[in-house]
Amino acid sequence: REKKKQVRELEGYRDKLMEYDNHLEVLGERNSYSKTDPDATFMRMKEDAMKNGQTKPGYNLQTGTENQFIIDFRLFPNPTDTLTLIPFFHSFQRRYNRLPVIGVADSGYGSEENYRF
């Protein structure tokens with residue numbers, strides 16, 4: 001009986017370990033994800049009715065415009081803009097075979113890596 005109990009206990013640990021491995025695989029390089037929308041990442045939203053720093057699952061949408069027309073867009077799972085500038089420019093380059101002539105972004109994109117790029 002004792003051995004059967006130990007086997008059941010070990011099987012429970014195995015199942016939990018497999019569950020944790022699955023969570024880590026879905027998580028990837030992000031810090032969080034939503035169980036109802038695994039592609040979304042928890043982010044602080046600008047509208048916070050409770051004013052308590054609540055996070056919600058969301059996406060970081062980047063758009064590129066030219067002459068007031070949207071010419072490129074991309075959704076990112078990361079909550080800050082610093083990690084989106086270079087991949088977004090590469091997306092633009094794949095689509096149009098060139099980089100934008102002028103890139104305008106606010107200080108939220110400021111990072112040493114982005115400035116070097």
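Trainee: Is Phe-117 buried, partly exposed or exposed?

Mentor: First, the basis: this is a predicted model, in which local features need pLDDT of at least 70 and side-chain atom pairs count only at pLDDT 80 or more, while totals for chains, interfaces and linings use all residues. Residues are numbered from 1 along each chain as its sequence is written, and side-chain values use heavy atoms, with hydrogens and water left out. Buried means under 20% relative accessible area, exposed over 50%, and partly exposed in between, with a 1.4 Å probe and protein chains only. Phe-117 has 40% relative accessibility and therefore counts as partly exposed.

Trainee: How many aromatic pairs are there, and how is such a pair described?

Mentor: A pair of aromatic rings is described by the distance of the centres and the angle of the planes. Rings of Phe, Tyr and Trp (its six-membered ring) pair if their centres lie within 6.5 Å; planes under 30 degrees apart count as stacked, over 60 as edge-to-face and the rest as tilted. The count by this rule is two aromatic pairs. In one of them, Phe-89 and Phe-117 are edge-to-face, at 6.0 Å centre to centre with 70° between the planes. This pair links distant parts of the chain, 28 residues apart: Phe-89 is in helix H2 (residues 85–96) and Phe-117 in the segment after helix H3 (112–116). Helices (H or I, at least four residues) and strands (E, at least two) are DSSP runs, numbered from the N terminus. Phe-89 is buried, at a relative accessible area of 17%.

Trainee: Why is the pair of Phe-92 and Tyr-96 tilted?

Mentor: The planes of Phe-92 and Tyr-96 stand at 45°, with ring centres 4.8 Å apart, so the pair is tilted. About one helical turn separates Phe-92 and Tyr-96, because they are four residues apart in helix H2. Phe-92 is buried at 6% relative accessibility, whereas Tyr-96 is partly exposed at 34%.

Trainee: Which residues make up the largest nonpolar core?

Mentor: In soluble globular proteins, nonpolar side chains tend to be buried together. A nonpolar core is a set of buried Ala, Val, Leu, Ile, Met, Phe, Trp, Tyr and Cys residues joined through side-chain atoms within 4.5 Å. Here the largest core has five residues: Phe-76, Leu-85, Phe-88, Phe-89 and Tyr-109. H2 supplies the largest share of this core, three residues.

Trainee: Where is Gln-68 placed, and what is its phi?

Mentor: Most residues other than glycine have a negative phi. Gln-68, in the loop between strand E3 (60–66) and strand E4 (69–76), has a positive phi near 70°.
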